[in-house]
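Welcome, and take a moment to look over the model before reading on. The paragraphs below will then walk you through it step by step.

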Amino acid sequence: MSNDEKRIGVFICHCGSNIAGIVDVPAVVDYVKTLPDVVFATRNLYTCADDGLTSIRDSIKELNLNRVVVAACTPRTHAPLFQSTCQEAGLNKYLFTFVNIRDQCSWVHMKEKEKATEKAKDLIRMGVARARLLEPQEEVKINVTPAAVVIGGGVAGMSSALSIADQGFPVRLVEKESELGGFIRNLGCIYQERQDAGIALKSITDRVRANPNIEVLLNSEVVSAEGFVGNWDIVIDTKGQERKDKVGVIILATGAREFVPKGLYGYGQYDNVVTLTEFERIVKEKKLPKLNSIAFIQCVGSRGQDKSYCSRICCNVALKNATNLADNWKNMLGLEETGKATEGAVEKAAPTETGERKRGRRGRRGAEVSEEEGAPAGQKLDIVIFNRDIMSYGVEHELMYNKAREKKVRPIRYTPKNLPKVGMEDGKLVIDYWHDTLQMQRKMEVDMIVLSTPLVSQPDASDISKMLKVPLGQDGFFLEAHVKLRPVDFATEGIFVCGTCKGPADIPESVSQGIAAASRAAIPLARGYVQPECLSAFVDSEVCSGCGTCIEICPFSAIKKNEKGVAEVTIAACKGCGNCGASCPENAIFMTHYSDEQLLAEAKAALQEAQG
Amino acid sequence: MSEFEPKIVVFLCNWCSYAGADLAGVSRYQYPTNIRAVRVMCSTRVSAHIVLELFKEGVDGVMVSGCHIGDCHYINGNYYTKRRVELAKKLLELSGVETDRLRLEWVSASEGEKYSQVISSFVAKVKELGPSPVLKQKKLVTNLVAAVEASKYFRLKTLTGKEVKLTGKGNVYDEVIDAQNYDALIDKAIEDEYRKSLILELTNDNARSVKELAKELGEPTDKTLEHVVALRATNMLALDHIEGTTPKYKAIFVGGA
């Protein structure tokens, strides 16, 4: 077979009426047949259906096609299917090109059928121009070191470690603190069943400790990681002692911390203004002061104040604490034993809201009234949640919200334009707020204020991001490969992410993510080898001057200087972004599958006029 | 005559903008048919010379679209994209082509609506500018050939590639250059390299004098002389012959297949 002869087959999909309803597919087929090197062009009702795929396979064999172009939906969902179809027929999958004539043509030009048809012709001509220059590529197999490192010993990291260990692979669980547990160590009890957080935590740490496949390294950090999927050389630092190790996969579960609301709502200025986590700790340590009233303020520093995002968990945590207080306040305040005297004192001072709240609106708006009237008979602790809107998403959390309402926990809404103000009057904490329903400014005395501040990224997140070459999003949390379809993967193969280091999450969510990351990470471990896609850079060692520009630029440390002093690419680590290729001062770097020639041929083909 | 329908090439990064463009389709956001998208893994792949080459071929507009800064799938590729597009713009300007014909946009995978808006607004802009003047004016083609060559030349590539290092960690002497100075430095370098490339382009076939070149370049003779001296020093230009008392120079053809 002649190497030079290009025999291109083009398969154009109707996608039912999705494409054919707009684009004149038969006309496009006729046009495509006139393009140079196209020896076959056809249309299918659904190219991705069995008969479509069979027609690709048969045509490759019968007509000796050596390039295949499919014009259909989008490569993002369907390229792998057609590539494997080509492979089944003995055609290297890199000799396949996808042309998007649905998502980026028929669907966006629904009222311009003629122009959409012209555009489809152009797009396919571009695809054919690209196909003509494609080269077959051989994917290499690289062995995998069957071991994992999990960075972070919180609930996500521990769940992940357990899952990998149970699948039979050794795991190093690296925790920088002196004990396992992460953020949960701060908590008193877990919603919704009010289980003691310590007991819940112990059940999982015990399993981690007892698992022979897990090596727990406390007071430790991973300080360097070099390599690529299947073959990471890492260095673990334990109190100054460095240890070199080899692992196949890395799971990141470094967690988050609480935002410190310096200067907000009197925090740091007045006693008894605490954050949600401080409150949890106070309750856990049974150090709650005597209270008659308590206010939670939600969204402190989040949703556009300091941080842009919603921290997702604080509404539920505030509801949990409010409900617990409503149910169990005497016990929590240590009043159960102290007898009637103290209780009386509390009772007397209970309704604390000042202002015109006594004015009668009784009977007009039932719910409003009970909200305004404060603590009902039999309950003497006034609990208020200042909120922008309570986001108790999902089934269980909404029930918790209903329960809190039954317990007469009072939500009071504020808007970002009218933030409540915290001050001190006559030695008492006072919240001055705009009542949105009543449309009036009001004041309320409270004994304690709990500020619901968001979870924020760890201070060392950017160091870890640089070390592992994985991205952080705008808010400093780690950024997964795809928010919906690849939620625990990083774009870099062989590194996975779970828990609150990728954004606020509660315990069940962190556990699910931990297990999900473990199952993703176990894929290369179980398979035993990796086969990276051939989208890599190649250095022409004759032309390379060894200037090192590419080495500095490469986001994945995939380029090194070899013994001859010129740049060399580690194919398994290269992701094919092309930055080095575009930057090389000597134009010595060539991008496999996305060469300058291929890109230019494709783009220039757009400028020709379609005839016919 | 029917309305002018520009041909616009759009480079989309695989991870954000291509997905955003697909989302526009899934959501049925309609936009003009004038664009022809080319998928690249990262917007950083789009070298200035690829863009300029298309302008040389007469494209009416080019858009490069990548992930938002900070969201790049390859960590910081789009930071370099920004620099590359700026480089291409500057060279377009020097070549005499409207810089509004080249646009850089950040479109994330979730911004289908934004994608359709960005395309609509760019197509409208290019329609307003009218057809590309390039193929009708030989001088513009020559200028763009020089621009392509300048953008491929190692000095500009090194400066765009090493910016992060030089403005951050510093050079080998630990001198850190501040970003503003760096911009000025690059601008000056782009201008010099463009003019030098143009001199080579203009003297490819015909030997020319410094005065003639200065006229073509539209700059003072002494500036042109500086470029000629620099080109001679790097063995890219040579004295061809002397006409009367005027020396005439010709480009030295270097290597190549």
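Before we set off, a word on names: residues are numbered from 1 along each chain as its sequence is written, and chains are lettered from A, with ligands numbered from 1, in the order in which they are written. This is a predicted model, so local features need pLDDT of at least 70 and side-chain atom pairs count only at pLDDT 80 or more, while totals for chains, interfaces and linings use all residues.

Let us begin with chain B. Its secondary structure comes to 10 helices and 6 strands; here helices (H or I, at least four residues) and strands (E, at least two) are DSSP runs, numbered from the N terminus. The C-alpha trace of chain B spans about 70 × 60 × 35 Å along its principal axes. Chain B has 257 residues, of which 52% count as buried. A residue is buried if 20 or more other C-beta atoms lie within 10 Å of its own, exposed if 12 or fewer, and partly exposed in between, with the C-beta atoms placed from the backbone. Two residues are in contact if their C-beta atoms, placed from the backbone, lie within 7 Å. Among contacts in chain B between residues at least 6 apart in sequence, 74% join residues at least 24 apart.

Now find the sheet in chain B. Its 4 strands form an open sheet in the order β2-β1-β3-β4, and the pairing is parallel; two strands pair if DSSP finds at least two bridges between them. At the edges are β2 (35–40) and β4 (102–106) of chain B, each of which pairs on one side only. From one strand to the next, the twist averages 20°. Inside this sheet, β1 (residues 8–13) of chain B pairs with β2(B) in the parallel sense over 6 bridges. You can pick out one such bridge at L12(B), whose partner in β2(B) is R39(B). Helix α1 (residues 17–26) of chain B packs on the sheet, touching β1, β2 and β3 (61–66) of chain B, and its direction makes about 110° with that of β1(B). Such angles run from 0 to 180 degrees between N-to-C directions, and the axes are lines fitted to C-alpha atoms, for helices over the stretch in contact.

Phi of R28(B) is near 60°, a positive value in a residue other than glycine. R28(B) counts as exposed because it has 11 other C-beta atoms within 10 Å.

Next, look at where the two chains touch. Chain A brings 50 residues to the contact and chain B brings 48 residues. On the chain A side, α4 (102–106), α5 (113–132), α15 (549–553), α16 (579–583) and α17 (596–605) each supply at least two residues. By class, that side has 23 nonpolar, 12 polar and 15 charged residues. Ala, Val, Leu, Ile, Met, Phe, Trp, Tyr, Cys and Pro count as nonpolar, Asp, Glu, Lys and Arg as charged, and the others, Gly among them, as polar.

α17(A) and helix α2 (residues 48–56) of chain B pack at an angle of about 30°, with their axes 11 Å apart. That makes α17(A) roughly parallel to α2(B), a label for angles under 35 degrees. Residues D596(A), L599(A), L600(A), A603(A) and K604(A) in α17(A) meet I50(B), E53(B) and L54(B) in α2(B). The residues of this contact divide into 5 nonpolar, no polar and 3 charged.

Conventions: Parallel < 35°, antiparallel > 145°, perpendicular 65-115°, else oblique.
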